[in-house]
Amino acid sequence: MINDIGSVAWASVGHAYGPADDVPQWLRGMTSPDSEVRDKAFSSFYSAAHHQGDVYSCTVASLPFLFAMADDSSTPDRSRVVALLVSIGREAAERHGPGVICFDINGEQSTAHEDTAAIMRERGEAFVVYACNADAQLRSGAIPGLGLFLDDAERAVSVLQKQLEAEGGITERLLVVRTMADLALRLPTARKPARAWFDALADGVEVDADIRLAAIVQRARCAPESLDDTTLPTAIELLRQITPAPRHDNSGGEAGSRGPSGVYVHGRARP
């Protein structure tokens, strides 16, 4: 696929700084065996073709090539390609919607966001494959795509539920929980099964405290009617469980410790 880059009339599409005839060299650079060349290629693409997170006509034209790289297990920085695709798709999805009109750098009406959103939904199943890959970095980059681009609510809910069970790292597991809420907010048909799943996680005595707390937070985010008198006390207790006890220094004072969010915590050690 990468050999077909020359078939696109790149000078006729644009990016943040004008005609996009420099995009082919960036796409080729992303597959280079030289890490410095790849770094420069990604940086240049983000700077111009995905400038400040925006989407341009050349960004749309790049999608088939980016997907080809993401699908190829031999791509050196495959996880970065998938993360780039998710970033492009997220921007397009957020800006595309009923009554939203976008314009290009020349002030002309643009369909780049609409076209990108359509392509990402067409390729939604690809993110299932990426999210189930053995590479943790690739999975982390792909998991948000399950909530953003997969239009089959039943399929997406099922994949996310299975992925939570399969993931061993807390970062990936928390990402799965958040993605379920993103899915429920996007697809009304996903809200009921997502709510039931959040309830089961939040009430699960054998579920890690981090995941239980995340389930409560994300349930409140996509189903605010779920808040009741037990929500806050339960959340506080779970916070206590996941916050490390403070260390005591040699002077007899209490040394603070960093909690899971990186905030410096002071206080007495719990019994």
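**View 1. Arginine 139 and glutamate 167 form a salt bridge, their closest N and O atoms 2.8 Å apart.** The model is predicted. Arginine 139 sits in helix H7 (residues 136-149) and glutamate 167 in the loop between H8 and H9, so this pair ties together parts that are 28 residues apart in sequence. Both arginine 139 and glutamate 167 are buried. Side chains of opposite charge can pair when their charged atoms come close.

**View 2. Glutamate 167 occupies the loop between helix H8 (153-166) and helix H9 (170-186).** Its relative accessible area is 4%; the cut-off for buried is under 20%, so glutamate 167 counts as buried. The side chains of glutamate 167 and arginine 139 also make a polar contact of 2.8 Å. Neighbours within four places in sequence aside, glutamate 167 touches Ala131, Arg139, Ile143, Glu172, Arg173 and Val176.

**View 3. Helix H6 (residues 124-131) is largely enclosed by the rest of the structure, because 6 of its 8 residues are buried.** Those buried residues are Gly124, Ala126, Phe127, Val128, Tyr130 and Ala131. Ala131 is also among the contacts of glutamate 167.

**View 4. The largest nonpolar core holds 74 residues.** Within this core, Leu27, Phe45, Leu66 and Phe127 touch the most other members. Helix H3 (residues 57-71) supplies the largest share of the core, 9 residues. Phe127 is one of the buried residues of H6.

**View 5. Arginine 195 and aspartate 199 meet through their side chains in a salt bridge of 3.2 Å, N to O.** Both residues lie in helix H10 (residues 191-203). They are 4 residues apart, about one turn of the helix. An α-helix has 3.6 residues a turn, so residues three or four places apart point the same way. Arginine 195 is partly exposed, at 28% relative accessibility. Aspartate 199 is partly exposed too, with a relative accessible area of 22%.

**View 6. Salt bridges that share partners link Arg38, Asp39, Asp77 and Arg80 into one network.** Arginine 80 pairs with aspartate 77 in a salt bridge, the closest N and O atoms being 3.2 Å apart. Arginine 80 is partly exposed at 31% relative accessibility, whereas aspartate 77 is buried at 14%. The count of salt bridges comes to 13.

**View 7. The chain contains 12 helices and 8 strands.** Of its 271 residues, 46% are buried. Among contacts between residues at least 6 apart in sequence, 55% join residues at least 24 apart. The accessible surface comes to about 14,100 Å², with 51% belonging to carbon and sulfur atoms.

Notes
Residues numbered from 1 in each chain as written. Predicted model: local features only at pLDDT ≥ 70, side-chain atom pairs only at ≥ 80, totals over all residues. Heavy atoms only, no water. Helix = DSSP H or I, 4+ residues; strand = E, 2+ residues; numbered from the N terminus. Buried < 20%, exposed > 50% of the residue type's maximum accessible area, 1.4 Å probe, protein only. Polar contact = N/O pair within 3.5 Å; in protein donor to acceptor, adjacent residues only side chain to side chain. Contact = heavy atoms within 4.5 Å. Core = buried A, V, L, I, M, F, W, Y, C linked by side-chain atoms within 4.5 Å. Areas by Shrake-Rupley, 256 points an atom, 1.4 Å probe, with all protein chains shown as cover. Salt bridge = Lys/Arg side-chain N within 4 Å of Asp/Glu carboxyl O.
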